[in-house]
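Here are some notes to read alongside the model. Take them in order, with the structure open.

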Amino acid sequence: MKDKFSKQQFSELLKKFVQSLSSYVSTPDGQWTIKGFIDIYRNIYTISTDTKIVSKVLELHILPQLVQFANSNGFKIELASQQNYYPDLTFVYKKNPQIIFAVDLKTSYRRVADPQMCNGFTLGSHGEYFCDRSSTKYIQYPYAKYSGHFCLGIIYDRIENNNPQIETVSGTLDKLEQITSVIKNFQFFAEEKWKIASDKSGSGNTANIGSIKKIDDIIAGRGVFVPYGEEIFDDYWMNFGKISVTDKNGKTKKLTSLKEYLRYRGIEKK
């Protein structure tokens, strides 16, 4: 019999693992331990709060820990073979390489006006590879081959009014702690992506699934599809913007909300 490794097992291990990451990336007072980039002249270039820069550096920062987590649990990690491929990381079970898990790394910052909310993030495309589960376009392996699809997320505070600058340090770089970090107060989580999905697109006109934004609901995995199950999540996003429905005024429009979908499918709202 082939060795087994269930989605539930992987989920439990990943959730336990992320609890240790905050202390790995933070100083005792909660600041990011990354201060900037260094050149051969020992100049430290501080990082801006640009979300793309912060996200990429954070991913690189925690990657060694992810590799260690994979090895200690019998997995190897495959990075996305091309830019913009899904997922960021594919965990392949060494005892049975047919068992693989998708893990996307996502970051978001808390809103200053309402710290209980974050800015949200995208959870992958609902385009070709999501609809055609055998497609290999823009995805490392066909979607159906994965035993589970997870989001490893990082929520943080941005330090406002921090302008990029050059800080010069000397000798053994013992003045690094004097440089203010651009982000702080990390909160890590791991959850199946369907459990933190919203019913709204995640980024403008692109075919991306959006997340919910209330932080407590993200951490607890209380997305809008949880009362209905993963199959409803799949069916909804496969048909998002495709099925024609009639609104309350009798006008025809494309399906873009869970409420419309439930009415169309004849499913009772929970």
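1. A word on naming: helices (H or I, at least four residues) and strands (E, at least two) are DSSP runs, numbered from the N terminus. Residues are numbered from 1 along each chain as its sequence is written. This is a predicted model, where local features need pLDDT of at least 70, side-chain atom pairs count only at pLDDT 80 or more, and totals for chains, interfaces and linings use all residues, while side-chain values use heavy atoms, with hydrogens and water left out.

2. Is Ile47 buried or exposed? Ile47 counts as buried because its relative accessibility is 2%; the cut-offs are under 20% relative accessible area for buried, over 50% for exposed, and partly exposed in between (1.4 Å probe, protein chains only). Between Ile47 and Gln187 there are 20 Å in space, C-alpha to C-alpha, and the two are 140 residues apart in sequence.

3. Phe37 sits in strand β1 (residues 36–38) and is partly exposed, at 44% relative accessible area.

4. How many salt bridges does a search of the whole structure find? The search finds twelve, each being a side-chain nitrogen of Lys or Arg within 4 Å of a carboxyl oxygen of Asp or Glu. One of them pairs Glu192 with Lys7, the closest N and O atoms being 3.0 Å apart. This pair links distant parts of the chain, with Glu192 in strand β9 (residues 183–192) and Lys7 in helix α1 (residues 7–18), 185 residues apart. Glu192 is buried at 8% relative accessible area, whereas Lys7 is partly exposed at 26%. Both belong to a salt-bridge network that also takes in Lys195 and Glu230.

5. Another salt bridge joins Asp234 and Arg133 (3.3 Å, N to O). Again distant parts of the chain are linked: Asp234 is in helix α6 and Arg133 in the loop between α4 (128–131) and β7 (146–158), 101 residues apart. Asp234 and Arg133 are both buried. Arg222 and Asp217 also meet in a salt bridge, at 2.8 Å, N to O, and Arg222 is partly exposed, at 46% relative accessibility.

6. Now the inside. A nonpolar core is a set of buried Ala, Val, Leu, Ile, Met, Phe, Trp, Tyr and Cys residues joined through side-chain atoms within 4.5 Å. The largest has 35 residues, and those touching the most other members are Ile196, Phe225, Phe233, Tyr236 and Trp237. Helix α6 gives the most to this core, with four residues. A second, separate core of 34 residues includes Val25, Ile99, Phe101 and Phe150.

7. Trp237 deserves a click. Beyond its neighbours within four places in sequence, its contacts (heavy atoms within 4.5 Å) include His126, Phe130, Asn208 and Phe225.

8. Last, helix α7 (residues 258–265): which of its residues are buried? They are Leu258, Glu260, Tyr261 and Leu262, and their cover includes β10 (197–201), α6 (230–238), β12 (244–246) and β13 (252–254). Just after α7 comes Gly266, with a positive phi of about 70°.
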